[in-house]
Each structure stands twice: as structure tokens, then as C-alpha cells.
Amino acid sequence: MEVSKLTYFGLYALQHRGQESAGIAVSDGSRIVVFKDMGLVAQVFDESVLNTLRGHIAVGHCRYSTTGSPTWENAQPTFRSSDAGGLALVHNGNLINTLELAEGLEPGVLTATTDTEVLTALLATRGDTGGKESVLAAAREILPATRGAYSLVFMDEETLYAARDPEGIRPLVLGALEDRGWVVASETAALDIVGARFVREIEPGEMVAIDGSGVHSERFADARPKGCLFEYVYLARPDTSIAGRSVQATRVEVGRRLAREHPVEADMVIPTPESGTPAAIGYAEASGIPYGQGLVKNSYVGRTFIQPSQTIRQLGIRLKLNPLREAIEGKRLVVVDDSIVRGNTQRAIVGMLRDAGAAEVHVRISSPPVSWPCFYGIDFATRAELIAGNLSVEEIRDSIGADSLGYISLDELISASAIPKDNLCRACFDGVYPIPVELDARGKHLLEASR
């Protein structure tokens, strides 16, 4: 089985989760080979590279940095070798006790400045006697002491492992390839692209080991489910399912509820493509206002929200969208978007639509105001970066230049997700952090600052 190519296609399906770097590690049973570089999945890998990555076990990653700078050293998979063998690891999420964990390492051990590097070093040094049992023993020791969001997939030469934090903040799913093995991925959409059948979610606080004899599961902590509500709003692909519910269906339902909460007289509902599309469909359906296309997206420009600098974000917005003047000229528009984080995108869009002749621009947002920083895997680390952390709804409306602005309420968003409120992390909306956080002024560069 060409595991490197299957991993490549899985990463291709998950490219929306990170666009800074990409990497794949492969084992043939006796050694692990890692290839990673800066850039998109299709830029990092080609046929010749994938043909050199031969084996029967692989892990892959496309990075969106939340700890550590966007550099080659910080790209994943991270890798450690010892006399007992190698360990390659990939991580979705963000730890909140990274410095505390790093104190358990010898000085000079770290070669990168990420929480993922710290975890890899700890697991490799604790499991340096070699073999599956030693890696499992290391994980049983390290994972209960690890706080924050971590969906992990890692491997030694013979076994694939996966683990999810007790809160289950970031998604992680298990799939089966017919007669050919097993797949673990962040989203069900990645299973679909490689032809794997969804089996189940990796449970919060669960660790699995997959080898030639099958899947072996154990618990390292009790489950305290707090899945990220923002996954439903923005992060996950619409064709993914989380906790048994379609993300697309949830977003359309959110749009319906948004129309009922914030009605307006208008001629056309348009989305901010692509993330605003499902909610715009729901808004149009519930309001009776015709749905239309008013903005064209260049599919080859990355998500402006997760670009690494403010300058690039602002440039990226202009590269990303262009108005359809004939469709919007003279029209009263409802523009539906998934969220307002910094306000740059919406300010630019409203300006473009007015320049193209829109009579009115009414902005509707399918999430509540993002008012609080995330410490569990989304890169907005301070309230100063968040427009809703500093301005009222009316002030935000004025700042982006809209005729009106309406956000869906938190209660309606939660209800649309069909998940109990107490089983969701809502911290970016209400400031209630499921894992207590000590604010650190060094933010994502804390390991670099501590050197």
C-alpha cells in the first residue's frame, strides 16, 4: 500500500487547517524517514518525493502555528531518534503548560520552539527502552500531565498511535480501509478522500495503538467533553461530520436562526465565500430573500484569517475576493459571513460592494462576537487583536461601514450544533475557559522568549 500517497491526499483534504508548512513521516518497519518543508501540501510534495517515502505506516501534517514561529524547524512531523529507535509525531491543538513540561527535559534537548517538540522529546526520552510497550508507558506518564488541546498521531517503526486530550477540544476520528488497514485524521472529510470508512471518533482521554493485530484502546484520563464550538463556525470543512452531525447542516441551520434573530428588508442575500455560504443559504431560505452570488473568490489564495502577519492579511483580502458589479449594483444586500475576528475582511468587503454600486450593505454574522482569545489552537492570542474585544456591536458596524450588523446569539448557535452547552468550549465567545489558563504575555513565542 502506498501510504505516503494516501497521507498526501488526506493532507490535501485538510489543507484548510494549516497552510504554513507540510510534512510526512513514513516507516518501513526498520527506520522512519521524514520529509517536510514550508508551503502548501501540493508545493511541498510531488510524485518523485512521494515515491521515496516507502513503508507501511505514515503520519502527516499541514501546520498552522499557534506556538512557535512559522519556520522549517517548527514544521511537523517532529522526530526524535534514540538508541531504541525513532518517534515521529503530529499535533493539532495548543498546550497551555508547555514551559512546565519543558522543565522535565535536559538543557539543549529542544531543536524547535513548539509545544509539539516538547511532547515529542518527552515521549521519546521516556520510551527509550524501545518497543510499543515503552512508548505506551511513556504516553501513560506524559499525557495525564499535559494540559490544553492535543489531538495527536505518532508512530515508532512498527506501531501507529493516536491520543486526544480529556476535553476533546480538537476533533480526531478513526477510519478503516477495506482489507488494507486503518486511518486516523482530524476530520471525516480526510477519510472520504482516501476511501476510508468512518468507524468512530477517538474519545476524549483515549489513546489507541494500531499495529498488525488491529486497534488497541485504553484510557489515560476520564472524558470531560468540551469540543470547540468554533469548529462548527469556521475551522472544519462543511463536508465533515463532528459528533455525528454534519457541519454543513449545522451552518445552514445557523443561517435560518440568524434570519429570525436579525431580519432586514433587502433584495439579495450573498455569502462571503466560501465560509459564509452555508449560513447564507439558510438565511435566504428562512427570510424569503433571494440568494445570489455577489463576490467571486480566487480559490488559489489561502485563508486570510490564518496568514502569519497583518500586512499579508490585508493584502490577501484584496487578492481573494472580487465583486460582481452587474449582480449587486443598486441592490440592498445582506452579506453573510461566519465570523468577525479583526474586522479587516468585512471592512474591505463592505467597501468593495459600495464601490460596485450596492445601495445598502447589511452584514449578518453566523457566530456571536469573538471577544476572547483562544489558547487551544486558534491564533488570536490577545483581546487587543479582536475587534469585538474592544468595540460594541454598533461601533463595529460603524468601523466596517455597514448599514446594519447582526450576530447570532450564543444560545442559538449552541442549539443549532445539537450538542449540550456544557459539552462545548465556548471560550472565544463567552470567556469561560474549560481548562484554566494563566495569561502569558509572550503568547505563541513563549519557548523562543524563554531561551
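This is a predicted model: local features need pLDDT of at least 70, side-chain atom pairs count only at pLDDT 80 or more; totals for chains, interfaces and linings use all residues.
**Entry 1: the annotated cysteines**

I began with the UniProt record. Its unreviewed entry lists Cys228, Cys374, Cys425 and Cys428 under "binding site".

Next I looked at two of them one by one. Cysteine 228 lies in strand β13, residues 227-228. Its relative accessible area is 8%, so I logged cysteine 228 as buried. Skipping neighbours within four places in sequence, I found cysteine 228 in contact with Ile169, Arg170 and Cys425.

Cysteine 425 sits in strand β22. Cysteine 425 is buried as well, at 8% relative accessibility. Leaving out residues up to four places away in sequence, I listed Lys226, Gly227, Cys228, Leu229, Tyr376 and Pro434 as what cysteine 425 touches. I also checked cysteine 428, which comes out buried at 8% relative accessibility.

How many disulfides does a search of the whole structure find? I got 0. For cysteine 425, the nearest cysteine sulfur is that of cysteine 228, 6.0 Å away, and cysteine 425 is in no disulfide. For cysteine 428, the closest cysteine sulfur is also in cysteine 228, at 6.3 Å, which is too far for a bond. The cut-off I applied was sulfur atoms within 2.5 Å.

**Entry 2: helix α15**

I then went to α15, residues 410-417. Which of its residues are buried? I noted Leu410, Leu413, Ile414, Ala416 and Ser417. Looking down the axis of α15, I saw the buried residues fall within an arc of 160 degrees, so they line one face of the helix.

What does that set pack against? My list for the buried residues of α15 has α8 (229-235), β15 (245-246), α9 (247-261), β22 (424-425) and α16 (427-430). That brings me back to β22, the strand that holds cysteine 425. Just after α15, I flagged alanine 418 for a positive phi of about 65 degrees.

**Entry 3: salt bridges**

Side chains of opposite charge can pair when their charged atoms come close. My count came to 23 salt bridges, and I opened a few of them.

- Glutamate 47 pairs with lysine 5, with the closest N and O atoms 2.5 Å apart. Glutamate 47 is in helix α3 (residues 47-52) and lysine 5 in helix α1 (residues 3-13), so I have distant parts of the chain linked, 42 residues apart. Lysine 5 counts as buried, at 16% relative accessibility.
- Glutamate 218 pairs with arginine 140, with the closest N and O atoms 2.7 Å apart. Glutamate 218 is in strand β12 (residues 214-219) and arginine 140 in helix α6 (residues 132-142), so this pair ties together parts 78 residues apart in sequence. I have glutamate 218 as partly exposed at 23%, and arginine 140 as partly exposed at 36%.
- Arginine 260 pairs with glutamate 253, the closest N and O atoms being 3.8 Å apart. Here arginine 260 is exposed at 55%, whereas glutamate 253 is buried at 16%.

Methods
Residues are numbered from 1 along each chain as its sequence is written. Side-chain values use heavy atoms; hydrogens and water are left out. Buried means under 20% relative accessible area, exposed over 50%, partly exposed in between (1.4 Å probe, protein chains only). Helices (H or I, at least four residues) and strands (E, at least two) are DSSP runs, numbered from the N terminus. The arc is that of the directions from the helix axis to the C-beta atoms. Contact means heavy atoms within 4.5 Å. A salt bridge is a side-chain nitrogen of Lys or Arg within 4 Å of a carboxyl oxygen of Asp or Glu. UniProt positions are given in the numbering used here, feature names are shortened, and annotations may be inferred rather than shown by experiment.
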